[in-house]
2 protein chains.
Amino acid sequence: MGIRIGIMGYGNLGRGIECALKQNKDMELVAVFTRRNPDTVTILTEGVPVYHVDDAVKMQDKIDVMILCGGSATDLPEQTKMYAQYFNVVDSFDTHARIPEHFEAVDAAAKASGKVGVISVGWDPGMFSLNRLYANAILPNGSDYTFWGKGVSQGHSDAIRRVEGVLDGKQYTIPVDSALEAVRSGKNPELTTRQKHTRECFVVAKEGADKARIEAEIKNMPNYFADYDTTVHFISMDELKANHSGIPHGGFVIRSGKTGWNEENTHIIEYSLKLDSNPEFTSSVIVAYARAAYRLSKEGQSGCKTVFDIAPVYLSAQSPEELRKHLL
Amino acid sequence: MGIRIGIMGYGNLGRGIECALKQNKDMELVAVFTRRNPDTVTILTEGVPVYHVDDAVKMQDKIDVMILCGGSATDLPEQTKMYAQYFNVVDSFDTHARIPEHFEAVDAAAKASGKVGVISVGWDPGMFSLNRLYANAILPNGSDYTFWGKGVSQGHSDAIRRVEGVLDGKQYTIPVDSALEAVRSGKNPELTTRQKHTRECFVVAKEGADKARIEAEIKNMPNYFADYDTTVHFISMDELKANHSGIPHGGFVIRSGKTGWNEENTHIIEYSLKLDSNPEFTSSVIVAYARAAYRLSKEGQSGCKTVFDIAPVYLSAQSPEELRKHLL
């Protein structure tokens, strides 16, 4: 039997976890938990039951790691510390500013229960964070740059949809090529918000709506668009569905640093992702860290961990000997 | 007092370690050890002594981590296991095929002495290996690609210099742009040696030497050049010194993988380095792992470790709280 996994919440992320588990033969999906009526939820994996969330705690002995697929705004701040009382857990909490308090709450719960809770797993926070840490440790004398995109921002798409007269919309965050090139050149540029990213909106307007007003309202929206060069395209609902229904994303983490007795040499470390599906990639990272959570727990560890605290060897299904032989 | 570091061997790598230590305020250089007459070796750091290698073992109580800067062909297979009897050690052993046996030898010595030995630290093996592991763990269904360059290959430059009639020479390994683009497109191409890299040689010929014969001999040299498209430029010694005395390098680690219930989504993970100085960057990685070796030893760990076995948090001078707050 493989590592027994439970999925808490069955939206895009939960479905992504399910798909990732199919590719990892040392793990198996035991159950999916939902707040909806379980009878109304159909999952992809044959023979795996869907239960109501209220039944989760009863499954304590049947699940090695519970993967929490809720949102960071309201779900995870409550769920992760709660389920860490009963299970090893992994979440993708991504509200950067609130990570320290989330860590403390999960750490207290997981230490009390003797379980492992891995938080903020995914690509940012997650793989991007790891690359920031490695690059900072290697080049202490340097500058960090993170660019996002080209990809769909859910928050900005939601903001568009709240504008009066808008039926639907999608927003792409796009890194500015010339800014990327300046960073890669080692010039250590100081970049403003506007210089780093542009925003491109595809908007379906209601019939008869004032498009000029909608466009102006989007472009001048504080926090979301006002600090960026934003373009707005009005398209039909059919076109939106045909060309903008994917959830691609990605981005770049770059550190530019100097070495040498007189700082005479420049080095560029760059990590980039180009993702067809943001939730499926995030899920794939989470599943690797679920394996780590299981192994750390087996070793007798407990408490809250982040990607910073976990040695890479714990993530791979291959043995340490195989890894040294084939990947080192 | 900071972490007390010894440098064993003072060539390009030893000097790189010395430069890196200058940027890491929690570490201090205690001594440099050389096989030469110490009186003939001048180092950059004021007030730090240079000793003969034979005096190293006496310094056991004054050095927290000994960094071994010898070569992988003959020095490190002997030195690392020997000094692991007395010190926490870090090396940059880079003969990929012999890593398993080197690991076993260092592991036995370090376990017996209760010290930590970190081997094969640098960028390949090292950061490239880490990125191969992370990307493989995240995308188990995919293909790996490693490209090197543009950079100076010491081994190929040495091979050029062994050709009769050659006074001096430098060889650059260059990744083929179209191959990189094919990989980034997610097409999972099967690439031959010739399709991945080209080799460019800058050669200073002896006066009156037969340049056509030299060029043919280089281009047809088995293992080194015969499997590549190679170009040979004859230049003057002055030009070689003016334009080709640096030791730049770099490269790309790319994994292309599929996710989704029917493998419908493609993801590209790319890590790249652009380095003005290969030995200084390698040194910067080693110094971060020397910090880790010290901390692991303080925790009571012992034995051989690689970059796979060490959690990222051990590499940074910042506290776990600061890292979570600022880099996660």
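How many bridges join β13(A) to strand β13 of chain B, and in which sense do the two run? Nine bridges link β13(A) to β13 (residues 265-275) of chain B, and the strands run antiparallel. In this pairing, A:Tyr271 has B:Tyr271 as its bridge partner. Strands pair here if DSSP finds at least two bridges between them; helices (H or I, at least four residues) and strands (E, at least two) are DSSP runs, numbered from the N terminus.

A word on the ground rules: this is a predicted model, in which local features need pLDDT of at least 70 and side-chain atom pairs count only at pLDDT 80 or more, while totals for chains, interfaces and linings use all residues. Residues are numbered from 1 along each chain as its sequence is written, chains are lettered from A in the order in which they are written, and side-chain values use heavy atoms, with hydrogens and water left out.

Now to the interface. The contact (heavy atoms within 4.5 Å) takes 70 residues from chain A and 70 residues from chain B. About 6200 Å² is buried between the chains, with carbon and sulfur atoms giving 62%; buried area is the accessible area (1.4 Å probe) that two parts lose on being put together, summed over both. A:Trp261, A:Arg324 and A:Leu328 supply 15% of what chain A buries against chain B, more than any other three residues.

Between chain A and chain B there are 29 residue pairs in polar contact, both residues at pLDDT 80 or more. A polar contact is a pair of N or O atoms within 3.5 Å; within protein, one must be able to donate a hydrogen and the other to accept it, and residues adjacent in sequence count only if both atoms are side-chain atoms. On the side of chain A that touches chain B, the largest share, 11 residues, comes from β13(A).

Strands β9 (residues 166-175) and β10 (residues 197-205) pair in the antiparallel sense over nine bridges, and A:Lys170 stands opposite A:Phe202 in β10(A).

| Peptide bond | Omega |
|---|---|
| A:Gly149 to A:Lys150, cis | about -5° |
| B:Gly149 to B:Lys150, cis | near 0° |

A:Lys150 lies in the loop between β7 (142-148) and β8 of chain A.
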